[in-house]
Every structure is written in C-alpha cells, then in structure tokens.
Amino acid sequence: MRGPDVPAKALDARALAALAANPGCKRRAILDGAGVNKTALASALGAPSAFGQSQFALTRGNAFEARVKADGGTELLRLAHEKLDHSAEPPAHARVPELSATGPEGRAARTALELREAAAVPGAWTLLDHPMLALDVAGSPAFLEPDAVVVHPDGTWTVVEIKSFPMLDGSADPAKVGAAARQSAVYVLALEQVAARLDPAPRVRQDILLVCPKDFSNLPTASAVDVRKQRAVTARQLTRLTRIEDIADSLPEGTCFSPELPAEELTAAVEAVPATYSPECLTTCELAFHCRDRSRTAGAVTTLGRSVRAELGALTTVEDVLAAARGEAGDPGDPAVAALRRAARLRAEALGGREAVPCP
C-alpha cells in the first residue's frame, strides 16, 4: 500500500496517542499501520502540513537529553530518587546495561531480558537508556522507544520522558504536559505487557518522571506526572481500533499511497479510506489540512468540533442543521431539532429587537 518510493515511517508513541484520541479515523489507522509518510503525502495532495518540530527544536532537545543522561545518567537517577523514591537508597552505583541489538525485534528482546535481570536483583537502581518496547495495535506490532526506563530498588519500573520545554517555578505549560502524559501513557501500556510476562510481574508505576529545563537555564529539573487517566483512556481507545487488515481488505485492489502518483489518482486512493476529522487533528495529524478542506466541502458538522457533533445527534451536515432550525426538515420530537428551532426563534427575536432600536 505504501508504494516502492515511499520510505516506511514506523509508529511511535506520539502517533499512537493521536490515533487513540481519534479511534474512529480509519484513514489514519491504515496510513500509520502501513508506515506511510503522511508529511510527504500531504504535500503531494496539495495540503502541506505545518505539523511537527523545527530542526532547531530537535537539536536543542537532543542536546538537553544528552546533558540529562551524561555520566551514566547520574543526574537523571538523582531526579528519579528525589521526585519518586526519596525513601530508597541513593543511586550511587546504578546499572546502565547496553541495549544494542539487530533490528527493532532484537532490541525489544534485549530490553525485555535486561528488565528481567533487573527485576531479579532487588535493592539496585537500573537505568535503561532508549529501550525498545513492543505494543500490539489493532493486530499489528508497534515498536516504541521511550527516552528511558528506571528500575527502582523495590523492583518497580518508571517511564522517563525528557522534554525541552521549560518548567517555570516548578510548573510547565499544561497543554505540553498533557501531550507528554498521553505519549508516556503509551509507553506505560507497552511496559505493562513486558511485566505481565514475568513471574511475579513487577509493578509499572503510574507516575512518570517528566524532565525539563529549569526556568530559563539548561539545568534539568523534574516532576512526577500521574498518567493513570491517560493510560486508561488510551487503553480503551486502542481496543476500539479496527484491525488494520480489515480496513485494508475493504480497499480497492491495487490501492497505493505513493506521493509519486498523479494527483487525481492519489486523491482517489486517500478518499477511498473514510476519515473522521475534528479540529483537534490540526495539532496531531499531518493530513489535517486536507481532511479539513474535504470536511468543509461536504458541510460536515464534525468540522465544528466533537462536542458540537455530539449535541446534534442525527444531523450530520450543516445543511441539515440549518434546515432543521428553519423548520424545513427534522423531527420536532428530536431534542436537537427542538433546541435548534428554539435557538432560531430567540435569534430572530434578538435581531428584530435590535433592528427596532433607532440609530443614534
């Protein structure tokens, strides 16, 4: 489905978090599952996306992460001890095992082995730098790479997320913290699958360690972030995802998403997969501009947001909504139709009263 000229793009935790937030979008599910580069696809469709980090932000983030993990992760483990486990022995002599292996499957197996060995050595700190975790998503494996995982002396496991946005006076931008929590929840789910294969199963902590620059410096600070809510929502939404094989089977034979295709053929291939657009897609999906244009052209009420769509019930287009408000269509017994007609009457009365007021 990708086409020979499109390099595969593996699913990551950020993509899975976005996919879980909109599980009804079959378009994103099939494109992500097939490894399609949606940035290149959006450009080929004539709707390039502004989604993603700048090269400067990536460079700054990599430099900050390297500083946090310097000297065998001494500072990172100090923060984990201070923020999550201050009653334990300080991490003076921590294990930092080598996790290199061939391919994502090999790295995931090596990570699982090191976690098993760490669980068998109580009383010691272990830091896994960029471990590889596998998570089943709609019948297909996704390989995920958190920034780090810490094994505490009591045998519990903690996900570490390192971000380059600052913590000012001990708090950070709530929107960015929320995005980091949703991304980390995916790692927690994957880590729980590894733990479930051990006997006894180690406990995966539901508080992740979020590490950021302190104030306006490049010095690291950290905060414990409870991701129980995000983990529960993500787990529920991932189970609702249609199996990718089922979506693929419904596509026309020979469907291809290569950006090298003629514009009309590529558009037809993309439109063959239903999308569920909402304004939130603008911050999470590279195809958002394309889907928004199509949604607006069709007059779909989802363009106005999920809360509006939920309130309108069976009215799925703006044309249906306006007709119901004018009394030209719709069941008067439908609460949504009744509310629209009442709102239309109130609006007419308000406008009529305003027009009756003479201009000064």
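Trainee: Which residue in S7 stands opposite Pro213?

Mentor: This is a predicted model, so keep that in mind throughout. S6 and S7 pair in the antiparallel sense, over 7 bridges. Within S7, the residue opposite Pro213 is Pro220.

Trainee: Which residue in the turn of the S6 and S7 hairpin has a positive phi?

Mentor: The two strands form a hairpin, with 6 residues between them.

Trainee: In what order do the strands form the open sheet?

Mentor: The sheet has 5 strands, and the pairing is mixed. Its edge strands are S1 (126-129) and S7 (220-226), and each pairs on one side only. On average, neighbouring strands are turned by 25 degrees against each other, direction ignored. The order is S1-S4-S5-S6-S7.

Trainee: Which residue is the bridge partner of Val151 in S5?

Mentor: Strand S4 covers residues 148-151, and strand S5 covers residues 157-162. They run antiparallel and are joined by 4 bridges. For Val151, the partner in S5 is Trp157.

Trainee: What angle does the direction of helix H7 make with that of S5?

Mentor: Two helices that pack on the sheet are worth a look here. Helix H4 (residues 55-68) touches S5, S6 (207-213) and S7, and its direction makes about 115 degrees with that of S6. Helix H7 (residues 174-196) touches S4, S5, S6 and S7. With the direction of S5, the direction of H7 makes about 145 degrees.

Trainee: Why do the buried residues of H10 lie on the same side of the helix?

Mentor: Helix H10 spans residues 263-271, and its buried residues are Leu266, Thr267, Ala269 and Val270. They lie on the same side of H10 because the arc they cover around the axis is only 160 degrees.

Trainee: Which helices are included in what covers those buried residues of H10?

Mentor: Buried here means under 20% relative accessible area. The cover over the buried residues of H10 includes H2 (26-33), H3 (38-44) and H11 (288-297).

Trainee: Is H1 roughly parallel or roughly perpendicular to H8?

Mentor: Helix H1 (residues 13-21) packs against helix H8 (residues 228-240), with the axes 8 Å apart. The angle between them is about 75 degrees. Angles of 65 to 115 degrees count as roughly perpendicular. So H1 and H8 are roughly perpendicular.

Trainee: How many residues in the contact of H1 with H8 are nonpolar?

Mentor: H1 brings Leu16, Ala20 and Ala21 to the contact. H8 brings Thr234, Gln237 and Leu238. No charged residue takes part, and 2 are polar. The nonpolar residues number 4.

Trainee: Is His81 buried or exposed?

Mentor: His81 is found in helix H5 (residues 70-84). Leaving aside neighbours within four places in sequence, His81 is in contact with His86, Ala88, Glu89, Pro90, Pro91 and Trp125. Its relative accessible area is 14%. The cut-off is under 20%, so His81 is buried.

Trainee: What share of the residues in the chain is buried?

Mentor: The chain has 14 helices and 7 strands. Its C-alpha trace spans about 80 × 60 × 40 Å along the principal axes. Of the 360 residues, the buried share is 42%.

Note on methods: Residues numbered from 1 in each chain as written. Predicted model: local features only at pLDDT ≥ 70, side-chain atom pairs only at ≥ 80, totals over all residues. Heavy atoms only, no water. Pairing = 2+ DSSP bridges. Axes fitted to C-alpha atoms, helices over the stretch in contact; angles between N-to-C directions. Contact = heavy atoms within 4.5 Å. Buried < 20%, exposed > 50% of the residue type's maximum accessible area, 1.4 Å probe, protein only. Arc of directions from axis to C-beta. Parallel < 35°, antiparallel > 145°, perpendicular 65-115°, else oblique. Nonpolar A, V, L, I, M, F, W, Y, C, P; charged D, E, K, R; others polar.
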